[in-house]
Amino acid sequence: MRAVTYQGKRNVSVETVPDPEITEPDDIILRITTSGICGSDLHLYEVLGPFLAEGDILGHEPMGVVEEVGPEVAELSPGDRVVVPFNVSCGTCWMCRQGLQSQCETTQVREYDSGGALFGYSKLYGQVPGGQAEFMRVPFGNHLPVKVPDGPPDERFVYLSDVLPTAWQAVAYADIPKGGSVTVLGLGPIGDMATRIALHQGAELVIGVDLVPDRLERARAHGVHTLDLREHHDLGAAVRELTDGRGTDAAIDAVGMEAHGAPLAKAAHQAVGLLPDALGAKMMQRAGIDRLAALNAAFDVVRRGGTVSVSGIYGGANDPLPMLKLFDKQIQLRMGQANVRNWVDDILPLLSDEDPLGVDHFATHSLPLEKAPGAYGTFQRKEDGMVKTLLKPSAT
């Protein structure tokens, strides 16, 4: 089969690799019809190379048609249409039963003291082959895949794999009061969708912050009050001016380690990426730092007693936090990988023909799988209006 593979820093290619096979009795084999490129894939492309091996198959946002099932799979049959959550979660352990599928005790990567495994996301999270491919093996076939109806296009459902539940959790963790306000930092796929969900759930003022004109325009078209970071050197002051001098009730950091600014941290990330893998991995685990511009901005724009929700991924082991400000402002802080399966039942009713969240036209680009390498570069450079790209394997 053909698959998108990691070949080195800023270097992915589509290669012919062995077809996946059923190895456990509750596995399924999925023929992929659509797979997304995620903002967190850029962390693999740019920063997390020390935890990848040449040839690793990338991608964690797939959906498709069941091709084959193991002998213990009772919930699915060949021909069923399913979306695969990015958490590799068993569905039956203590953590999964608490709705914390990202912490699945069956797939926890204890070697790196990480949470549950993720598809296509490095040795840190299990080195499980991903979904930017023609086929993939999916474990826990009775509990993990989400069965969806035939008929509507893939664009209706594919975001159940990551974008929708990640943004939904970000808003849930932000705990925005009815009729309240929120600042969303970063209008990539997760931030953009989080603004739509916040508005849908009744937030009166949703402020979206970015510095890419296409992303700002896209958010404005959906009723978001946008602030161009290039025009506001004091973002906190701009937000307080809109909120009676207080700041918003909540802030969502949808940027993470890709934040602009903090040139010393950026240089450190780039330097680590140039080290031999074994040394680079140790440096990131024990001495890593992140660019914290977005997180510090969230602490600034949120009102006293408000909540900061972090959905953007950070990877530093020694990030300095402004504890005086956090304590003094009585800020509540929630974060973590999305627990995809926990939110599916809340989201599915919204994936109707009315399309209140605008999923049918959420993708900015739809490309053949073979064009993935160029798409990674375009996405990383924030060019061509690219916010969300869907890949279509030729096998479909």
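Residues are numbered from 1 along each chain as its sequence is written, and side-chain values use heavy atoms, with hydrogens and water left out. Because the model is predicted, local features need pLDDT of at least 70 and side-chain atom pairs count only at pLDDT 80 or more, whereas totals for chains, interfaces and linings use all residues.

The chain contains 12 helices and 15 strands, which are DSSP runs numbered from the N terminus (helices H or I, at least four residues; strands E, at least two). Its radius of gyration, taken over C-alpha atoms, is 20 Å, close to the 21 Å that the globule rule (2.2 Å times the number of residues to the power 0.38) gives for 396 residues, so the chain is as compact as a globular protein of that length. Of the 396 residues, 56% are buried, meaning under 20% relative accessible area with a 1.4 Å probe, protein chains only.

The axes of helix α3 (residues 163-174) and helix α11 (residues 340-347) come within 9 Å and cross at roughly 90°, which makes α3 roughly perpendicular to α11 (65 to 115 degrees). Axes are lines fitted to C-alpha atoms over the stretch in contact, and angles run from 0 to 180 degrees between N-to-C directions. The contact (heavy atoms within 4.5 Å) involves L164, P165, W168, Q169, A172 and Y173 of α3 and V340, W343, D346 and I347 of α11.

M193, in helix α4 (residues 189-200), is buried, with a relative accessible area of 0%. Not counting residues up to four places away in sequence, M193 touches V163, L164, A167, L357, V359 and F362.

How values were computed. Parallel < 35°, antiparallel > 145°, perpendicular 65-115°, else oblique. Buried < 20%, exposed > 50% of the residue type's maximum accessible area, 1.4 Å probe, protein only.
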